[in-house]
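Me: I have a model open and want to learn how to read it. Can we go through it feature by feature?

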Amino acid sequence: MSTNAIKDVSKRIVKASRELYDHGLVRGTSGNISAKIPGTDTFLIKPSGGRMEFLKPEELVLVDLQGNKIRGELDVSVETPIHAAIYRTRKDVQAVVHTHAPTATAFGIAKTEILPLQVEMFMLLPNGVPVVPFKQPGSKALAEAVQKKMADYNAVILENHGIVTVGSTIEAACNFNEMVEEAAKIQLLAMTLAGRDALNLAKLKEKFKTQNTVE
Ligand SMILES: [Zn+2]
């Protein structure tokens, strides 16, 4: 395994972690992030505890796709089973980001899916963001429930917990995380103004499809 590849991925994870903090998606010791080492069945993940904004490259832990530690001084993040389960089934995924983004997390508490009400959001998340029913943090049951849902989505809400997003790059997974929080904020405002009338996904699909048709 190339040391340079590990260094490169570490640097990008640390930069992304700082940005997640700067954008208000993580606070305190909440949240975690991981990314695969290209061409291998291993990934680097944030250690347990510690704050995302102070994360250092050397603190990241290298693990295999079963979540077993290969290299690193610190313990792995408690949510490592979620990350490992996603990488085992989604070969296209190179990075996983878990945060407690506040508005999106509130949607999970209300057991309400997030819909792509805004047209560009629709291109990114055409089927919205579903809610995975509550399971204890760090449990195998939670990892399995997320893995199953992630077969069809790039972002999910964990009921009474937070959100998980994936991407073909670290930057894409972070972008999804930010966009899910933005979509949640927009939906909250739209529901305040238009009530549940604004929430018809079938109608939205029809509207956005029609507008994209070249005549
Ligand atoms: Zn969490």
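Reply: Start with contact: two residues are in contact if their C-beta atoms, placed from the backbone, lie within 7 Å. Keep in mind that this is a predicted model, where local features need pLDDT of at least 70, side-chain atom pairs count only at pLDDT 80 or more, and totals for chains, interfaces and linings use all residues. Residues are numbered from 1 along each chain as its sequence is written.

Me: Which residues is Val 146 in contact with, leaving aside its neighbours within four places in sequence?

Reply: Val 146 touches Ile 82, Ala 85, Ile 86, Val 132, Val 156 and Val 164.

Me: How many residues has the largest nonpolar core?

Reply: First, the terms. A residue is buried if 20 or more other C-beta atoms lie within 10 Å of its own, exposed if 12 or fewer, and partly exposed in between; the C-beta atoms are placed from the backbone. A nonpolar core is a set of buried Ala, Val, Leu, Ile, Met, Phe, Trp, Tyr and Cys residues joined through C-beta atoms within 7 Å. Here, the largest one has 57 residues. Val 146, Val 156, Ile 157 and Val 180 have the most contacts inside it. Helix α6, residues 170-194, gives the most to this core, with eight residues. Helices (H or I, at least four residues) and strands (E, at least two) are DSSP runs, numbered from the N terminus.

Me: Which residues of α6 are buried?

Reply: Among them are Ile 170, Phe 176, Met 179 and Val 180. Asn 177, Glu 181 and Gln 187 are also on the list.

Me: Is Lys 185 buried or partly exposed?

Reply: Lys 185 sits in α6. It is partly exposed, because 15 other C-beta atoms lie within 10 Å.

Me: What should the 25 residues of α6 span?

Reply: The expected span of a helix is 1.5 Å times one less than its number of residues. For α6 that gives 36 Å, and its end C-alpha atoms are 36 Å apart, so the two agree. Gly 195 follows α6, with a positive phi near 65 degrees.

Me: At what angle do the axes of α1 and α6 cross?

Reply: Axes are lines fitted to C-alpha atoms, for helices over the stretch in contact, and angles run from 0 to 180 degrees between N-to-C directions. Helix α1 (residues 3-22) and α6 have axes that come within 10 Å and cross at roughly 15 degrees. The contact includes Arg 12, Ile 13 and Ala 16 of α1, and Ile 170 and Cys 174 of α6.
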